[in-house]
Amino acid sequence: MGAKAKKKAITKTLKKASAQLSASKDATSDFLPLEGGPARNLPRTEDRENEATVLYIGRIPHGFYENEMEAFFKQFGTIKRLRIAKNRKTGKSKHFGFLEFESPEVAKVVEECMHNYLMYEHLLQVQIVPPERVHPKIWKGVNRGYKPIDWVQIERKRQDKERTLEQQNKLVAGIQKRDQKRRKRIEAAGIDYECPEIVGYVQAAPKKIRFDAE
């Protein structure tokens, strides 16, 4: 075979390979095997965002609580669960929460429509939470009413508890010590003020003397 024939054969082979490569690209193949052969496709994995049904709701205004939120968002679709984060001590809203719909399509529509929606001078922040980022305890206590801790009652009980004589005297000693420091600061400031005396020491009751009758 002459040089011209070899050149012609090589050109023909290159054209054939180029045609196969372009055909494989049109078929949206993922890669060409190193050992040769037709192009292959990788197995497609489902888009996880299409399965997301949980939404994060941020910058919730005051007064827009569970009942109001459910009444507002149920116009988009069926709501499975709803929870607003609250302060454990006061029971007040932390102005963010989570909302779960039955349909992922509805969740996507709510994100597109309600993100940066102006409500009571607040721009709502609505974002889809991927399934792998949903915390297992995100819905803890969602089906029961929230009862805040009555810290006033706890403090009242602590202050009103019965004390022994030593405990009462120690309490009064601390009060008088702080009062002496306060008096010194007042004198250092050049203020002429007569502070009232604090009297609170409890003296032990005298022991009864028993006189035996003779």
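The legends below describe close-up views of a predicted model.

**View 1. Salt bridges around Glu100.** Glu100 takes part in a salt bridge with Lys80, in which the closest N and O atoms are 3.8 Å apart. Lys80 belongs to strand E2 (residues 79-86) and Glu100 to strand E3, so this pair ties together parts that lie 20 residues apart in sequence. The side chain of Glu100 also meets that of Arg81 in a salt bridge, at 2.8 Å from N to O. Arg81 is in strand E2 and Glu100 in strand E3, so this pair links parts 19 residues apart in sequence. Glu100 counts as buried, because its relative accessibility is 7% and buried means under 20%. Lys80 is partly exposed, with a relative accessible area of 49%, and Arg81 is partly exposed as well, at 32%.

**View 2. The salt bridge between Asp179 and Arg182.** Asp179 and Arg182 both lie in helix H5 (residues 165-188), where they are three residues apart, about one turn of the helix. Their salt bridge has its closest N and O atoms 3.1 Å apart. Asp179 is buried, with a relative accessible area of 10%, whereas Arg182 is partly exposed, at 41% relative accessibility. Elsewhere, salt bridges with shared partners join Lys80, Arg81 and Glu100 into one network. A search of the whole structure finds seven salt bridges. Side chains of opposite charge can pair when their charged atoms come close.

View 3. Trp151 is located in helix H4 (residues 151-159). With a relative accessible area of 43%, Trp151 is partly exposed.

**View 4. Positive phi at Arg59.** Arg59 sits in the loop between strand E1 (54-58) and helix H2 (66-73). The phi of Arg59 is near 60°, a positive value in a residue other than glycine. Most residues other than glycine have a negative phi.

**View 5. Positive phi at His95.** A positive phi, near 70°, is also found at His95, which is not a glycine. His95 is part of strand E3 (residues 93-101). The relative accessibility of His95 is 37%, so His95 counts as partly exposed.

How values were computed
Residues are numbered from 1 along each chain as its sequence is written. This is a predicted model: local features need pLDDT of at least 70, side-chain atom pairs count only at pLDDT 80 or more; totals for chains, interfaces and linings use all residues. Side-chain values use heavy atoms; hydrogens and water are left out. Helices (H or I, at least four residues) and strands (E, at least two) are DSSP runs, numbered from the N terminus. Buried means under 20% relative accessible area, exposed over 50%, partly exposed in between (1.4 Å probe, protein chains only). A salt bridge is a side-chain nitrogen of Lys or Arg within 4 Å of a carboxyl oxygen of Asp or Glu.
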